[in-house]
Amino acid sequence: MKSVYGVLIAGMLVFVVGCGASPSADRTDEPTSQYLVDAEPSGAVSVGDANASGEDGQPITLVGLIGGSTEPFVDGLAAFTIVDESVPYCADEEGCPTPWDYCCTQDQVKDNIATVKIVDESGGPLAEDARELLSVKELSKVVVSGTAQKDEQGNLTVVADQVFVKKD
Amino acid sequence: MLLPWEYGVRNLARRPLRTLLTLIALATVVMLVFVVVGFIRGLERSLSTSGDDDVVLVYSVNSEENIENSAIAAQIPALLTASVGGTVSRFGMTHVSPELYMGTRVKNELDEAGLGLVRGVTLATPLVRRSVRLVEGSWPRAGEVIVGRLAAAKLGSSEDAIALGKTLEFEGKQWTVSGRFASGGSAYESEIWCRLEDFQAATKRQDLSLVAMLLSPEGSAGEVSLFCKERTDLEIRAIRETDYYASLQQHYRPVRLLAWSVVVMVSAAGIFAGLNMMYGAVAGRVREIATLQAVGFRRRAIVLSLVQEGVLLAASGSLLSGVLALTALNGMAVRFTMGAFALRIDSVAILIGCGVGVLLGVVGALPPALKALRSEVATSLKSV
């Protein structure tokens, strides 16, 4: 009987040690990207305003929520889309499995969306998934700073060199 | 001491009618299992072989997961070619296939009409859809179509009705069948292909449904996807073809779950039928079993002999069904919403079908055998 208690106590100890160890493991796994900054860049404008008044080649700082489609991230690349904070998305109680696709307000998304991409030395998109590089997910609020790229059709892309993830 | 092997075999021959009926019942159950498993395996194979890992599909963001509902601007193939690198290009031919794809009512010469899947294609299409092989006839010219190996099944017509030289009618125009193609069991085999410009003219559409791009090893599906996200005005999205068909696999998951539950239910029904049959068989042999006990055979040996009979019969039924399934069922075309696919009696289907068959033999024979042995030997010897 004693040996049974011994095994039980040993098992519980392993369990407790296992649970206690995870936070420190998480801390070491946090991304240390050169693009991720601790201080929020100043002078951020909304995505909607930037779409209306932003100019090609100018420095720009945008604030928005990651989303705009079912899959706002580009698999394998440091790129994603952000939507103006003023555009509403499905509330938790509505039970929408993908609120970041703005399914009920798609007509408003068109003028309030921008693409954010991080490029490498050659100017091509950085081949690292943004979710891992920046530790972000759908509906994360981000402030991105970089250079605006705007084409003749009015599509806005930010070539970001700084990304700040706002904690709500 | 065990009963001789021949004892069980001879016992089966002693009651030929009962043995034959039991064999037919067991073979029917196993055949049902073959049909359902063959359906699941065929559907899975059709969806898994339909995608090419190097091909990226670009279609409308508004079409959800259904490319049939997609409509994108006709200039998108040129924009993609100019803006995104990494597409295969050989002898001046870029492997980018603009396609118009839709379901429409197709009528044959016998006036039989069915819902067909028609794809308007160009000469670049077979370069991108690398699994497609023209097995008969020639590539379509103006007013001509080529039909997939399973197109007749999709239309619900006979093979002869869409043979070479026959005429089909859809979108208010007559089309002559100029060839037949196969594509290794993929979804295209249920389609009808014609020239893109002819199909656009017939449908009075100038847009496209999708663009399929064959990427070189240096190409990246992510870059195509990034282009689509940057050009929000075009309202397009990109997806690797294998991912597209994987999402369809998810879409058909309830169907597959239902089919697997049918397998379980059919097997359970088979086991109950087997039990019923074996109870009947053993009930008529109470004296024989008691005699065997009286002459010194152990209960375990008698149970083993009865199970041996059941398994022998079930294995024979499974083999019979297996041969029938392989010769008659395998490759049989089945029509479903997305097209058509062939029933597939592969190694997994054989294993499951025969496994269920042998299980029927064991589980069906054990309870009645144990029940018969519970009676007193003296009482059993006197039973009529």
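1. A salt bridge here is a side-chain nitrogen of Lys or Arg within 4 Å of a carboxyl oxygen of Asp or Glu. E40(A) and K166(A) make one, with 3.5 Å from N to O. E40(A) sits in the loop between α1 (2-29) and β1 (45-46) of chain A and K166(A) in strand β6 (residues 156-166), so the pair ties together parts that are 126 residues apart in sequence. (Helices, H or I with at least four residues, and strands, E with at least two, are DSSP runs numbered from the N terminus.)

2. Before going on, some ground rules: this is a predicted model, where local features need pLDDT of at least 70 and side-chain atom pairs count only at pLDDT 80 or more, while totals for chains, interfaces and linings use all residues. Residues are numbered from 1 along each chain as its sequence is written, chains are lettered from A and ligands numbered from 1 in the order in which they are written, and side-chain values use heavy atoms, with hydrogens and water left out.

3. Back to that first pair: how buried or exposed are its two ends? E40(A) is partly exposed, at a relative accessible area of 39%, and K166(A) is partly exposed too, at 27%. The cut-offs are under 20% relative accessible area for buried, over 50% for exposed, and partly exposed in between, using a 1.4 Å probe and protein chains only.

4. Over all chains, the whole structure has 26 salt bridges. One of them joins R129(B) and E241(B), at 2.5 Å from N to O. R129(B) is in the loop between α4 (125-128) and β6 (133-137) of chain B and E241(B) in helix α8 (residues 241-251), so this pair ties together parts 112 residues apart in sequence. Both residues are buried.

5. Chain B also has a salt bridge between E44(B) and R41(B), whose closest N and O atoms are 3.6 Å apart. The two are 3 residues apart in helix α2 (residues 16-48) of chain B, a separation of about one helical turn. E44(B) is buried at 17%, whereas R41(B) is partly exposed at 24%. Both belong to a network of salt bridges that also includes R256(B), R344(B) and D346(B).

6. Now have a look at the largest pocket, with a volume of about 1,300 Å³. It is lined by 40 residues, and the closest to its centre are S69(A), T70(A), E71(A), V61(B) and R237(B). By class, the lining has 14 nonpolar, 11 polar and 15 charged residues. For reference, a pocket is an open set of points on a 1 Å grid over the protein atoms alone, where a 1.4 Å probe fits, with protein on both sides within 12 Å along at least five of seven lines; lining residues have an atom within 4 Å of a point.

7. L17(B) belongs to helix α2 of chain B and is exposed, at 60%.

8. Two backbone angles deserve a second look. Most residues other than glycine have a negative phi. L139(A), not a glycine, has a positive phi of about 70 degrees, and is in the loop between α4 (130-134) and β5 (141-150) of chain A. K204(B) has a positive phi near 55 degrees; this residue lies in the loop between α6 (196-203) and β11 (210-214) of chain B and is exposed at 74%.

Notes
Points joined across faces, edges and corners; volume = space filled by probe spheres on them. Nonpolar A, V, L, I, M, F, W, Y, C, P; charged D, E, K, R; others polar.
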